[in-house]
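Please walk through this fold with the model open.

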Amino acid sequence: MDRVDPVEQAFAAVPRAAFLPRGARSRAGDDIPILIGHGQTCSQPSTVADLLHLLDVHPGQRVLDVGSGSGWTTALLAHLTGPGGEVVGVELEPDLARWGAANLAGADAPWASIHEAEPGVLGDPQHGPWDRILVSAAAPTLPQALVDQLADPGRLVMPVAGSLTLVLRDHGSVTTSRHGHYRFVPLRSAPGSTT
């Protein structure tokens with residue numbers, strides 16, 4: 001018997017159209033990134049699926065979604081953790097943080113939330129450590145501030161220098177591996193950030 005893919009289940013349960021600007025909803029099924037304002041996009045579904053497969057989220061885990069944008073990835077992560085988990089999205093753009101939170105409210109996942117990023121802070125170290133961290137923006141180098149927020153064991157997935165990078169923390173050691181080339185909007189630090 002074929003194993004059910006939890007990522008495919010999440011995609012079926014959380015339609016992308018509900019997380020797109022009204023005028024773009026007819027293109028929700030297209031495998032393309034779609035502009036959502038403020039120079040940001042809702043990533044193409046095949047890319048999001050790759051991110052989520054690599055992240056390997058399990059029910060009951062605590063997950064941080066950095067650059068939550070429209071809220072779609074946050075809602076997908078919430079489906080993967082189930083109500084026994086916790087998902088927190090952080091978004092630098094105040095308008096997108098509010099819009100993403102409103103979109104997420106329609107997903108009926110009260111164990112997930114989206115907040116505006118704290119000034120000067122990358123991620124959400126105050127509420128860590130996190131079992132899983134997803135970053136939907138590219139950085140030239142791996143931010144140590146995010147690695148430091150990983151639980152042990154834990155997994156972080158983000159694009160670094162053009163490559164999708166998986167960071168594993170296990171028994172105190174940290175290893176990284178690369179998994180193909182992807183294009184993302186650049187990761188920006190919150191105002192006042194020193195990272």
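Leaving aside its neighbours within four places in sequence, which residues is L77 in contact with? They are L52, L55, V57, V63, D65, V87 and L134. Contact means heavy atoms within 4.5 Å.

This is a predicted model: local features need pLDDT of at least 70, side-chain atom pairs count only at pLDDT 80 or more, and totals for chains, interfaces and linings use all residues. Residues are numbered from 1 along each chain as its sequence is written, and side-chain values use heavy atoms, with hydrogens and water left out.

L77 belongs to the largest nonpolar core, which has 36 residues. A nonpolar core is a set of buried Ala, Val, Leu, Ile, Met, Phe, Trp, Tyr and Cys residues joined through side-chain atoms within 4.5 Å; buried means under 20% relative accessible area (1.4 Å probe, protein chains only). L52, L55, W72, L76, L77, L134 and V157 touch the most other members. Another core, of 16 residues, lies apart from it, with L122, I133, A139 and V167 among them.

Now the sheet. It is open, with 7 strands in the order β5-β4-β3-β6-β7-β8-β9 and mixed pairing. Strands are DSSP E runs of at least two residues, helices H or I runs of at least four, numbered from the N terminus. Two strands pair if DSSP finds at least two bridges between them. β5 and β9 (173-181) are the edges; each has a single partner strand, so one side of each has no neighbour in the sheet.

Strands β3 (62-66) and β6 (130-135) run parallel, joined by 4 bridges. V63 has R132 as its bridge partner in β6.

How values were computed: Buried < 20%, exposed > 50% of the residue type's maximum accessible area, 1.4 Å probe, protein only.
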